[in-house]
Amino acid sequence: MVDASPRAAAGPARVIFLGPPGAGKGTQAGLVARHFGVPKISTGDMLREAIAQKTPLGLQAGPLMEQGRLVPDPLLIGIVEDRLSQPDCGPGFVLDGFPRTLAQAEGFGTMAGGRHAGGLVVLNVEVPREELLRRLSGRRWCPDCQATFHVHNDPPKQQGICDRCGASLIQREDDKETAVARRLQEYDERTAPLIGYYGQRDAQAFHTVDGHRPVEVVFGELRGIVESTR
Ligand code: AMP
């Protein structure tokens, strides 16, 4: 049983997740956010929402996302800056999927006069490549409420149907084989350098965690890390 019930805040919990696609960042970011009572900000979810709403951002991002390519930095920096300026981010936030490039990390560092990057905890989740491929190829997604399932690890009660809202589950375009290969390549070339960037910048705030363990075990370690920094 994962106990992510909210705790009273001690100080702002500002958390960034690093790690390749399929490492479990979204799941763990949700649990950490809930535990510390702060919003989870997933740029992937924000972009998928923009695509569903057919906004100008969604129209630009859609084709890139389907191919597994990253969306241009200025767009991402803009939407994250707007989101972090909202009052619910005052007690902190958990970022899932941002920053993903050095330019985004630099952009984040200067937002709000550097305030968002103060007291930051960086959680780098590592998972072997074969396991990432297994997780991504079995992932199923609800286009209505964005819940995710896995055909083996976390199947819905009724095959192909979302437990939460009853909609039909699909495989995301970017979880198909060619797009997955491109996403992993984008990760290796553009996101992995952030490990060195944050590791050198503030070694005490940077933590690498083995993500190839049960969800509740990984969460227990992450929770302890964030608690110890507040
Ligand atoms: P995710 O749900 O985090 O795996 O993101 C899905 C897709 O959204 C990625 O493959 C990118 O195309 C796009 N995306 C999400 N976050 C970012 C980001 N910070 N920078 C660029 N593209 C992003």
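This is a predicted model: local features need pLDDT of at least 70, side-chain atom pairs count only at pLDDT 80 or more; totals for chains, interfaces and linings use all residues.
Start with helix α1, which covers residues 25-36. After α1 comes Gly37, which has a positive phi, near 65°.

Which residues of α1 are buried? They are Lys25, Gln28, Ala29, Leu31, Val32, Ala33, His35 and Phe36. An α-helix has 3.6 residues a turn, so residues three or four places apart point the same way.

Now turn to the ligand. The shell around the ligand is made up of 16 residues, and the closest are Thr43, Arg48, Arg69, Gly97 and Gln104. Helix α2, residues 43-52, contributes the most to this shell, with four residues. Sorted by class, the shell holds six nonpolar, four polar and six charged residues.

A polar backbone atom of Arg69 is 2.6 Å from an oxygen atom of the ligand. In Val71 a backbone N or O atom lies 3.1 Å from a ligand nitrogen atom. With Arg100 the side chain is involved: one of its N or O atoms is 3.0 Å from a nitrogen atom of the ligand. How much of the ligand does the protein bury? Taken alone, the ligand exposes 480 Å², and the protein buries 95% of that area.

Note on methods: Residues are numbered from 1 along each chain as its sequence is written. Side-chain values use heavy atoms; hydrogens and water are left out. A residue is near a molecule or strand if one of its heavy atoms lies within 4 Å of it. A polar contact is a pair of N or O atoms within 3.5 Å; within protein, one must be able to donate a hydrogen and the other to accept it, and residues adjacent in sequence count only if both atoms are side-chain atoms. Accessible areas come from the Shrake-Rupley method with a 1.4 Å probe; for residues, only the protein chains shown count as cover. Helices (H or I, at least four residues) and strands (E, at least two) are DSSP runs, numbered from the N terminus. Ala, Val, Leu, Ile, Met, Phe, Trp, Tyr, Cys and Pro count as nonpolar, Asp, Glu, Lys and Arg as charged, and the others, Gly among them, as polar. The expected span of a helix is 1.5 Å times one less than its number of residues. Buried means under 20% relative accessible area, exposed over 50%, partly exposed in between (1.4 Å probe, protein chains only).
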